[in-house]
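Please consult the sequence and the model while reading.

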Amino acid sequence: MRYAILPALLMGLLAGCTAFEAEPPDPPLAPPPNVILIMADDLGYEVLGANGSLSYDTPRLDALAQTGMRFTACYSTPLCTTTRVQLMTGKYNFRNYIGFGLLDPTERTFGHLLRAAGYRTAVVGKWQLYGNEDQRRLYGRAGTRPAEAGFEDHCVWQVEEGGNRFKDPFLYLHGEPGRSYPGAYGPDLFVDCLKDFVTAHQDEPFFVYYPMVFTHKPFQPTPDHPDYATSDPDAGSDAAYFADNVRYMDALVGRIVDHLDSLGVRENTLLLFTGDNGTNNGIVTQTVEGPV
């Protein structure tokens, strides 16, 4: 008898279905959000005005903090490579750290995951995950190039070689071999590449990872500073220019926000800003709670 019950139930359900009108289709899903992840280099919590700084001007980042969501109980590691590979892979460092300046080429990154989900992917800014010649020799292996990490386009500093990152930079653009760009300013080129990528893919979901070269030393004058025109990119670092670097970094973030607004895609773009570790220990910042 129990075997006869199942066909009877199915027939009853099918008959019952004819008594109801078909349900209307579900509304179309909202398009997936675009994602731009910006990570400043050697920028501590205390530097931003939104976090109590009295020493520097960061109006664009302060505005984002005021109108967005702040994550005040998140912590990064005290070294740049460890933070980068942890962020990119979602793994704690004891599971994936193979050496300074290296990303294990067997790791699956957020670039791979988002590209597999239909996103167009790009990285601009500081790479430093393949390893220079000394690092590759020291650890007996190479790291990962941008294209191998899930990024279909890149505009970065320091893949196989280093060189200047600010004035007259040595960069790797769009899969081409690294070369110098005399007369250019590295941070401007990174943001220009980011804007071009966003413009080209504004009608499809995009993910841009922007690990900045600011505010890591060498501290040198930016194009907004009167010393820039006569400055030597090989002159080294001067902490007197740190405040200028912070201002310029903030302005670059503002250029990205303004571009998203101009294209009409800002409301569907998740814009994230973080730092990889604390400020250079030679910098003293005055804050509402005292010097840091």
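## Cysteines

A disulfide is a pair of cysteine sulfur atoms within 2.5 Å. A search of the whole structure finds 0 disulfides. Cys 80 takes part in none, and the nearest cysteine sulfur, that of Cys 155, is 19 Å away. Cys 80 is buried, with a relative accessible area of 7%; Cys 155 is also buried, at 0%. Here, buried means under 20% relative accessible area, exposed over 50%, and partly exposed in between (1.4 Å probe, protein chains only).

## Basis of the model

The model is predicted: local features need pLDDT of at least 70, side-chain atom pairs count only at pLDDT 80 or more, and totals for chains, interfaces and linings use all residues. Residues are numbered from 1 along each chain as its sequence is written, and side-chain values use heavy atoms, with hydrogens and water left out.

Ala 122 belongs to strand β2 (residues 120–126); strands (E, at least two residues) and helices (H or I, at least four) are DSSP runs, numbered from the N terminus. The residue is buried, with a relative accessible area of 2%.

Leaving aside neighbours within four places in sequence, Ala 122 is in contact (heavy atoms within 4.5 Å) with Phe 151, Asp 153, Phe 197, Phe 207, Val 208 and Tyr 209. The C-alpha atoms of Ala 122 and Gly 111, which are 11 residues apart along the chain, are separated by 8.1 Å.

## Leu 138

Leu 138 lies in helix α6 (residues 133–139). Leu 138 is exposed, with a relative accessible area of 63%.
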